[in-house]
Amino acid sequence: MLLALDDAISTVVLAGRGAEAEIFGVIDLTSKNEARIGAITLGRAIQFVANASVLGYDVRGAMVLYGEPGTPSLRVWDCEHLWAQYGGALLQP
């Protein structure tokens, strides 16, 4: 069942990778404040969250919101998993 859920999320994310997304809950470790991230595509949001810890951000509480209201948000593990599995394909138009 988990594999089917992962496949469904992957399909939706790949289809909407160029859609607008918002990232919340990212903490800049230098300033200790929540980082404000402007308009970003879903693919770039996934890339950012998956790699943000090496850039000096705490993403333990991060979530990526995208799609229609009610669409489940992506958490850190989701972003890391999607980036590891699809990488650069998420950045293609």
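**Close-up views of the predicted model**

**View 1. The largest nonpolar core and its most connected members.** The largest nonpolar core holds 23 residues, among which Val13, Ile23, Leu42, Ile46, Val49, Val64 and Leu74 touch the most other members. Two or more residues of this core come from each of strand S1 (20-24), helix H2 (42-51), strand S6 (63-66) and helix H3 (76-86). Helix H2 makes the greatest contribution to the core, giving 6 residues. The model shown in this and the following views is predicted. In soluble globular proteins, nonpolar side chains tend to be buried together.

**View 2. The surroundings of Ile46.** When neighbours within four places in sequence are set aside, the residues in contact with Ile46 are Val13, Leu74, Cys79, Leu82, Trp83 and Leu90. Ile46 is also one of the residues that touch the most other members of the largest nonpolar core.

**View 3. The open sheet of 3 strands.** The strands follow the order S3-S2-S5, and their pairing is antiparallel. Strand S3 (33-34) and S5 each have a single partner strand and stand at the edges, so one side of each is left without a neighbour in the sheet. Strand S2 (residues 27-28) pairs with S3 in the antiparallel sense over 2 bridges. Within this part of the sheet, Ile27 stands opposite Glu34 in S3.

**View 4. Tyr57 and its contacts.** Tyr57 belongs to strand S5 (residues 57-58). This residue counts as partly exposed because its relative accessibility is 21%. Leaving aside neighbours within four places in sequence, Tyr57 is in contact with Val26, Ile27, Asp28, Leu29, Ala35, Phe48 and Ala52. A separation of 22 Å lies between the C-alpha atoms of Tyr57 and Gly88, which are 31 residues apart along the chain.

How values were computed:
Residues numbered from 1 in each chain as written. Predicted model: local features only at pLDDT ≥ 70, side-chain atom pairs only at ≥ 80, totals over all residues. Heavy atoms only, no water. Core = buried A, V, L, I, M, F, W, Y, C linked by side-chain atoms within 4.5 Å. Buried < 20%, exposed > 50% of the residue type's maximum accessible area, 1.4 Å probe, protein only. Helix = DSSP H or I, 4+ residues; strand = E, 2+ residues; numbered from the N terminus. Contact = heavy atoms within 4.5 Å. Pairing = 2+ DSSP bridges.
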